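Me: Can you walk me through this one? I'd like to begin with the aromatic rings.

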Amino acid sequence: KMANYALLEWPDNIDISDDDPKSYVPALRKGFNGDWDKMLEQHALPKDWHLMPYETFLTARRSLMADIIRRGFETLR
């Protein structure tokens with residue numbers, strides 16, 4: 001399930017798997033050594049995704065994932 005790919009080692013991911021993203025994303029972002037906005041784009045995560053109600057997140061992410069797929073197909077032309 002690449003849509004659920006996480007930028008964490010699996011033990012860390014297991015540790016937070018039952019937690020609300022509001023509680024762990026700020027620390028994850030603080031420790032991220034890269035371009036956060038680029039990572040959000042590449043993983044089809046809407047800005048402030050961790051603050052969204054789950055259904056709102058899913059709707060926003062579906063649109064972003066469709067855009068990534070569309071761009072990928074356009075590069076094949």
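Reply: This is a predicted model. Rings of Phe, Tyr and Trp (its six-membered ring) are taken as a pair if their centres lie within 6.5 Å. Planes under 30 degrees apart make a pair stacked, over 60 edge-to-face, and the rest tilted.

Me: How many aromatic pairs does the count come to by this rule?

Reply: Three aromatic pairs. One involves Trp-49 and Phe-57: the ring centres are 5.8 Å apart and the planes stand at 45°, so this pair is tilted.

Me: Are Trp-49 and Phe-57 buried or exposed?

Reply: Both are buried.

Me: Which residues form the aromatic cluster?

Reply: Trp-49, Tyr-54 and Phe-57 make up one cluster.

Me: Switching to the fold. How many helices and strands are there in the chain?

Reply: Four helices and zero strands. In sequence order the pattern reads α-α-α-α.

Me: And what does the C-alpha trace span along its principal axes?

Reply: About 40 × 25 × 20 Å.

Me: What percentage of the residues count as buried?

Reply: 18% of the 77 residues. As for surface, the chain exposes about 6,300 Å², and carbon and sulfur atoms supply 54% of that area.

Me: Of the contacts between residues at least 6 apart in sequence, what share joins residues at least 24 apart?

Reply: That share is 43%.

Me: Last topic, charges. How many are positive and how many negative?

Reply: The chain has 11 positive and 13 negative charges. Their mean positions lie 7 Å apart.

Key: Residues are numbered from 1 along each chain as its sequence is written. This is a predicted model: local features need pLDDT of at least 70, side-chain atom pairs count only at pLDDT 80 or more; totals for chains, interfaces and linings use all residues. Side-chain values use heavy atoms; hydrogens and water are left out. Buried means under 20% relative accessible area, exposed over 50%, partly exposed in between (1.4 Å probe, protein chains only). Helices (H or I, at least four residues) and strands (E, at least two) are DSSP runs, numbered from the N terminus. Contact means heavy atoms within 4.5 Å. Accessible areas come from the Shrake-Rupley method with a 1.4 Å probe; for residues, only the protein chains shown count as cover. Lys and Arg count as positive and Asp and Glu as negative; His and the chain ends are not counted. The place of a charge is taken as NZ of Lys, CZ of Arg, CG of Asp or CD of Glu.
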